[in-house]
Amino acid sequence: MLRFGVTPNAFTYPFALKSCAVLSLPFPGSQIHCHVIKTGCELEPFVVTSLISLYCKCALLDSARKVFDESSKVMKLTVCYNALISGYVLNSRVIDAVLLFGKMGEVGVERNAVTMLGLLPICLVPGFLWLGMCLHCLCVKMGLDFALSVANCLVTMYVKCGSVEYGRKLFNGMPEKGLITWNAMISGYAQNGLATHVLELYKEMESFGVCPDAVTFVGHKIEKQIEVNGFDSNPFLNNALINMYARCGHLKRARAIFDAMPLKSVVSWTAIIGGYGMHGQGDVAVELFDEMIKSGVRPDGTAFVSVLSACSHAGLTDKGSDYFASMKKQYGLQPGPEHYSCMVDLLGRAGRLNEARELIQSTQIEPDGAVWGALLGACKIHRNVELAELAFERVIRLEPTNIGYYVLLSNIYSDAGNLEGVMRIRVMMKERKLKKDPGCSYVELKGIVHLFLAGDKSHHQTAEIYRMLDELENLVEELRGSTNIDNKSNNEYLNGMGVHSEKLAIAFGLLNTSPGTDIVVMKNLRICGDCHLFIKLVSKIVDRQFVVRDATRFHHFKSGLCSCKDYW
């Protein structure tokens, strides 16, 4: 165009700039920026917006802000604010995004649905649920809560943060529900391990005459229906199936789908890497990550979360540290709270608590609840009461109603024999009207989900289940005596803790499956040390594999060993 002597104008530049952004080409983008200035188009709203988006997508936030600040004549345009807010969110600059959003209100710039959609992705992690709820209130005030796209985003936010009840309440109150709305709620139930709710809502969707698409089938367990509907070659669906099978304990099936994919995107690699990490196979996860890079696929922030988490669960401290360092150096990625959370967990599990604390203090972003929670969890492993109290103080400022942190500090005090500390936490919980969620586990047998609560006696096979448990506990006690297991945690396992929900689920599974069959148990809370030991020894006694998914990961018990190598 230039060679032919045709001069570009304000309608030309946005397309060229958008192309540079999509291809992550900051240098050609900056050259086009020079042309914009030469032709006097630097104050055209759509050109300014395109320039901001370009620099944001290339992680050049200072350049994006400079364009924004120098465009004084368009400073009061919502579209420019929206572009920079979205850019800050994309690059995990949470505080900058929120401050700019606040400035819109101060200078009288209208906030619209696009503004909210740009800011709400910040709130897709539990630590920022409070901010999401504030934004929800603003949406109601401005009448944006009835905008379908905003409502869909709010439902997604609640379910991803684990507040499934809030998400369902909002879902039920929506006057209009599109397919995306149904998919968001179905996926939310699936991500939170609520299999029966997934199937019930799927049936309800069908009763309303809503036709499923590739996304809907992510939460449904019947793969044959996917093939019948012609979605079996859909890459997005295959990625989601990999994730679903991995989360449901069927890692072999997840790998088979991955291997059969002709084209694998970064999402495909991330799904399978995350699956192996979740199942305690960190070495395989690391191999896959390195293979992904060799194949020419560039890792993004989510891929790094998956591999860092895998390194943490497998105790690959040095490898994880190398990956974390490479984010900035090699790939120009700014670590977010989720990456720091993984690194604190990685260092903390390895006993490098001081390094973990120093890392938190060195961050350029505000640490969220997950970061401090990771440090608190590490203090539990290594019995560091002093640092645990510091981490607890910080984390409850951010997540004052997260019952898990109170229970964690109480357990730390209990391990240290500090009964005064235990009582103080109980009083605090009582004053704040916080109650620990009851432990529950479920086993699926012939298409029927059998749910057990701690100390449950409501199942029709209760008598047989408890009889089986008695026999197992006697055998376990004999084995413990013969193998001379004598650490403190192990000695406590029969101390009034024989009826946790996962034990009942294991006993039920043994009663109702044939020898050699793997038993998969899903649990809503983190497995305790006592039950972990119990299941390890039972796997040796009955020569079975037990797969237990707790709140954080999968444990594969076989022949008296666990895939986590007692590192969880």
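Tutor: Residues are numbered from 1 along each chain as its sequence is written. The model is predicted, local features need pLDDT of at least 70, side-chain atom pairs count only at pLDDT 80 or more, and totals for chains, interfaces and linings use all residues, while side-chain values use heavy atoms, without hydrogens and water.

Student: What makes α15 roughly antiparallel to α16?

Tutor: Helix α15 (residues 251-260) and helix α16 (residues 266-278) pack at an angle of about 160 degrees. Their axes are 10 Å apart. Angles run from 0 to 180 degrees between N-to-C directions, with axes fitted to C-alpha atoms over the stretch in contact. Over 145 degrees counts as roughly antiparallel. So α15 is roughly antiparallel to α16.

Student: Why is the crossing of α24 and α25 called left-handed?

Tutor: A crossing is left-handed if the near helix is turned anticlockwise from the far one by less than a right angle. The crossing of α24 and α25 is of that kind. α15 also passes α16 in a left-handed crossing.

Student: How do you know how α24 runs relative to α25?

Tutor: Helix α24 (residues 403-415) and helix α25 (residues 419-431) pack at about 160 degrees, with axes 8 Å apart. That angle makes α24 roughly antiparallel to α25.

Student: What makes a space a cavity rather than a pocket?

Tutor: On a 1 Å grid over the protein atoms alone, a 1.4 Å probe fits in a cavity but cannot get out; a pocket is an open set with protein on both sides within 12 Å along at least five of seven lines. A search of the whole structure finds one cavity of 30 Å³ or more. The largest cavity has a volume of about 30 Å³, that is, the space filled by probe spheres set on the points.

Student: Which residues line the largest cavity?

Tutor: Lining residues have an atom within 4 Å of a point. Among them are Phe 452, His 459 and Leu 504. Helix α26 (residues 462-483) gives the largest share, three residues.

Student: Why is the second largest pocket said to lie between domain 1 and domain 2?

Tutor: Domain 1 (12-205) and domain 2 (225-431) both give residues to its lining, so the second largest pocket lies between them. The domain bounds come from an automatic or database domain assignment. The second largest pocket holds about 340 Å³ of space. Of its 19 lining residues, those closest to its centre are Arg 93, Val 94, Ile 95, Ile 365 and Glu 366. α6 gives the most to this lining, with four residues.

Terms used
Helices (H or I, at least four residues) and strands (E, at least two) are DSSP runs, numbered from the N terminus. Angles under 35 degrees count as roughly parallel, over 145 as roughly antiparallel, 65 to 115 as roughly perpendicular and the rest as oblique.
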